[in-house]
Amino acid sequence: MLTVHHLGISQSDRIVWLCEELEIPYDLVRYDRDPVTRLAPAEYKALHPFGTAPVIVDGDLVLGESGAIIEYIVGRYGEWRLAPRADDPDFADYLYWFHFANASMMPAAMIDIVIGMIGGTAEGVVAALRARGDRAFAMVEQRLGEVDYFAGDRFTAADIIMLFPLTTMRAFVPRDLSPYPNILAYLQRIGARPAYQRAMTKADPELPPMLT
């Protein structure tokens with residue numbers, strides 16, 4: 001049985017959501033963050049050598065990294081549903097946004113967390129790094145003004161991996177979404193999905209979905 005180890009208020013909510021979208025059986029083990037440090041507890045860090053969320057266990061396999069886990073589950077259990085094939089006209093857009101989430105958008109947002117922890121003194125560098133985050137949101141806003149979902153007109157795993165920096169990550173890096181009407185409309189589409197509603201109820205029942 002596939003086991004999803006979910007750290008509360010973290011990007012592992014993506015994996016719970018993916019399993020709900022694919023309607024596959026899985027066990028969910030939930031961990032609360034340390035109330036003082038807000039980091040993962042020791043038992044979660046012990047699951048995988050890198051010590052971060054998400055983590056799944058499937059038989060003898062222990063796998064980390066959101067993108068790797070999503071591709072593994074989509075391929076092994078989802079018969080490649082939610083992933084366009086290479087001959088699909090949406091394939092390149094799917095690949096771009098699937099990788100943009102963790103390779104570009106989330107690192108840009110993390111800048112504010114790091115600055116808050118260590119204090120920012122190099123104003124020019126800080127401004128340049130923060131501009132990357134603004135640029136990422138501007139790109140997302142433009143894309144969602146052109147299509148309903150990141151890969152095109154249909155929902156895919158690219159939406160699952162892209163949603164976290166638009167929603168739950170804002171619990172750590174606040175951002176006003178009022179200047180982004182296309183993003184807000186997209187979040188309402190996602191919020192109406194029954195699988196998303198089930199996943200958030202299971203993953204973080206005390207955290208209202210951050211869809212506004």
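The lining of the largest pocket has 14 nonpolar, 7 polar and 4 charged residues. This is a predicted model: local features need pLDDT of at least 70, side-chain atom pairs count only at pLDDT 80 or more, and totals for chains, interfaces and linings use all residues. Residues are numbered from 1 along each chain as its sequence is written, and side-chain values use heavy atoms, without hydrogens and water.

- Leaving aside neighbours within four places in sequence, Trp17 is in contact (heavy atoms within 4.5 Å) with Phe155, Asp159, Ile160, Leu163, Ile190, Ala195, Tyr196, Ala199 and Met200.

**Helix H8**

- Helices are DSSP runs (H or I, at least four residues) and strands likewise (E, at least two), numbered from the N terminus.
- Ala195, Tyr196, Ala199, Met200 and Ala203 are the buried residues of H8 (under 20% relative accessible area; exposed is over 50%, partly exposed in between; 1.4 Å probe, protein chains only).
- These buried residues line one face of H8, because they fall within an arc of 130° seen down its axis, taken from the directions from the helix axis to the C-beta atoms.
- Exposed Pro194 and Thr201 sit on the face of H8 turned away from its buried side.

How values were computed
Nonpolar A, V, L, I, M, F, W, Y, C, P; charged D, E, K, R; others polar.
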